[in-house]
Each structure stands twice: as structure tokens, then as C-alpha cells.
Amino acid sequence: MAPATLPYPKTAKGTSTAKTAPKSEAGVKKSRGTGARNGIPSKPTRYNTFIKENHATVKADNPGLDGSELRGILSNMWKTHHTNPKSSNYDGPPATRKRK
């Protein structure tokens, strides 16, 4: 029996044949799976804005807590915050969902 031929060329030991990100014509790597479309970052969500605005004050009020405990406090605050569409205290326009 003849040895089977490989569908890809052999590489030297220690080198990789892993695929890399595609390159544009200028040789710069194109980003994959970043969530931004055409280089324009997406708009932050209401939750992201809430966290950004309140993280520093919660951290100053609770200096001994680690990150997961701070996030727990912030998520509990978000549950009743007036900008949260799922909260009973919501005072903004009706929440809408984008359909694909």
C-alpha cells in the first residue's frame, strides 16, 4: 500500500498552519467579529450608560468590595432605575425591539 498524500503541505516542526485574519489590499488586518459596522462603533445601551455613570460613586461608597460585588450592587440598582425599560419606575418612551 502506498502512503496517503496529505491535502496540505507539510510544515517545519514548531510552525503553524493556523488561519490568520484576512488582510486588506494595504496589508492591514481586517477586524473580525467586533460588532462595529464599517468602522462605526455601536451606540452604548442604556445599561452601559447607567454603569458608566454610577460605577465611580458605588465604588467610592464601598471601597472594600471587589469587581463582582460592585457589579451585583449596580445590577440591583439597575432593576429599579427609571431608565430601565423593564422597571416599574420607567419614565421614557415605550421600548421597541428591532427585528431582523
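Colleague: What covers the buried residues of α1?

Modeller: The cover includes α2 (67-79). Bear in mind that this is a predicted model, where local features need pLDDT of at least 70, side-chain atom pairs count only at pLDDT 80 or more, and totals for chains, interfaces and linings use all residues. Residues are numbered from 1 along each chain as its sequence is written, and side-chain values use heavy atoms, with hydrogens and water left out.

Colleague: Which residues of α1 are buried?

Modeller: Phe 50, Ile 51, Asn 54 and Val 58. Buried means under 20% relative accessible area (1.4 Å probe, protein chains only).

Colleague: What makes Phe 50, Ile 51, Val 58, Leu 70, Leu 74 and Trp 78 a nonpolar core?

Modeller: A nonpolar core is a set of buried Ala, Val, Leu, Ile, Met, Phe, Trp, Tyr and Cys residues joined through side-chain atoms within 4.5 Å. Those 6 residues make up the largest such core, and α1 and α2 are the elements giving two or more residues to it.

Colleague: And why is Ser 87 called buried?

Modeller: Its relative accessible area is 8%, and the cut-off is under 20%, so Ser 87 counts as buried.

Colleague: What does the side chain of Ser 87 reach at 3.5 Å?

Modeller: The backbone oxygen of His 81. Ser 87 itself is in the segment after α2. Leaving aside residues up to four places away in sequence, Ser 87 touches Lys 79, Thr 80 and His 81, where contact means heavy atoms within 4.5 Å.

Note on methods
Buried means under 20% relative accessible area, exposed over 50%, partly exposed in between (1.4 Å probe, protein chains only). Helices (H or I, at least four residues) and strands (E, at least two) are DSSP runs, numbered from the N terminus. A polar contact is a pair of N or O atoms within 3.5 Å; within protein, one must be able to donate a hydrogen and the other to accept it, and residues adjacent in sequence count only if both atoms are side-chain atoms.
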